[in-house]
Amino acid sequence: MEKAKRKIGKRLRGFVRSLALLLLLTGCQLGAPLQGLTIEVKDVLSGREFEVAGVAAAPDVTERVRLEGVDVPDVRQEPWGAVAKSQLETYLRKQPVLLETDAEPRDAFGRRLAYVWQGDRLLNEALVAEGYAIVTPHPPNSKYDQRLVRAQEHARVLGLGLWNPEQPMRVSPAAFRNQRR
């Protein structure tokens with residue numbers, strides 16, 4: 001009986017090891033390569049909008065890009081708006097970015113809606129995780145909604161940026177802009 005238990009235990013340990021190895025290997029698989037437009041940023045306009053030049057082989061034409069899935073305090077919404085703009089400027093300083101679009105590539109104002117990548121870092125997510133932006137889903141664009149929500153929960157729990165309990169943002173960016181119209 002004891003011998004049978006050891007044999008079962010040995011098989012179970014082998015199965016668990018094999019399962020762990022399989023999970024490790026599937027977790028390490030590379031995702032599909034990102035598809036999009038790699039470009040340099042010309043100017044940062046706010047914490048969620050910037051201009052690029054040279055889109056569609058027209059080097060003298062500028063285009064506005066808005067970060068998808070997030071909302072950022074207006075630059076007049078102190079202190080958060082200026083800080084968010086400064087942080088985005090820091091991210092984008094003289095480094096090319098990849099603009100990845102989703103189902104709906106432009107907003108009602110003609111701006112390109114993009115998930116902005118710098119290497120393997122999603123800048124939309126980084127702004128949210130550090131408390132500079134809030135998640136604002138924009139269906140049908142939802143490719144990274146879950147990542148953004150997790151990043152926001154991280155910032156909220158840690159009290160980062162606009163989630164700081166000593167100086168919280170009390171008016172959402174959208175409500176602030178509506179008050180100023």
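Predicted model: local features only at pLDDT ≥ 70, side-chain atom pairs only at ≥ 80, totals over all residues.
1. Strand β2 gives the most to the lining of the second largest pocket, with 4 residues. The lining of the second largest pocket consists of E40, V41, K42, D43, V44, E89, L92, R93 and K94. Both β2 (41-44) and α2 (80-92) supply at least two residues each to that lining.

2. What classes of residue line the second largest pocket? The lining has 6 charged residues, 3 nonpolar residues and no polar ones. A student may check this by locating the listed residues in the structure, among them the charged residues E40, K42 and D43.

3. The space within the largest pocket is about 330 Å³. How many residues line the largest pocket, and which of them lie nearest its centre? There are 15 lining residues, and R48, E49, D74, R111 and R177 lie nearest the centre. Helix α5 (residues 173-179) makes the greatest contribution to the lining of the largest pocket, with 3 residues. By class, this lining comprises 6 charged, 6 nonpolar and 3 polar residues.

4. Attention now turns to strand β7, which spans residues 112-118 and includes R112. Is R112 buried or exposed? R112 is buried, because its relative accessible area is 14%, and the cut-off for a buried residue is under 20%. The side chain of R112 also takes part in a polar contact of 3.0 Å with the side chain of E63.

5. The aromatic residues deserve a separate point. The whole structure contains 2 aromatic pairs. In one of these, the ring centres of Y115 and Y144 are 4.8 Å apart and the ring planes stand at 80 degrees, so the pair is edge-to-face. This pair connects distant parts of the chain: Y115 belongs to strand β7, whereas Y144 is in the loop between β9 (134-135) and α4 (145-158), and the two are 29 residues apart. Y115 counts as buried because its relative accessibility is 1%. Y144 also counts as buried, because its relative accessibility is 10%.

6. Y144 has a second aromatic partner, W117: the centres of their rings are 5.6 Å apart and the planes lie at 70 degrees, so this pair is edge-to-face as well. Here too the pair links distant parts of the chain, with W117 in strand β7 and Y144 in the loop between β9 and α4, 27 residues apart. Both W117 and Y144 are buried. Taken together, Y115, W117 and Y144 form one aromatic cluster.

7. Most peptide bonds are trans. P79 is located in the loop between β5 (70-71) and α2. A further cis peptide bond joins P139 and P140, with omega of about 10 degrees. P140 is in the loop between β9 and α4. Y144 of the aromatic cluster is likewise in the loop between β9 and α4.

Conventions: Residues numbered from 1 in each chain as written. Heavy atoms only, no water. Buried < 20%, exposed > 50% of the residue type's maximum accessible area, 1.4 Å probe, protein only. Polar contact = N/O pair within 3.5 Å; in protein donor to acceptor, adjacent residues only side chain to side chain. Phe/Tyr/Trp six-rings, centres within 6.5 Å; stacked < 30°, edge-to-face > 60°. 1 Å grid on protein atoms, 1.4 Å probe; cavity = no way out; pocket = protein on both sides within 12 Å on 5 of 7 lines; lining within 4 Å. Points joined across faces, edges and corners; volume = space filled by probe spheres on them.
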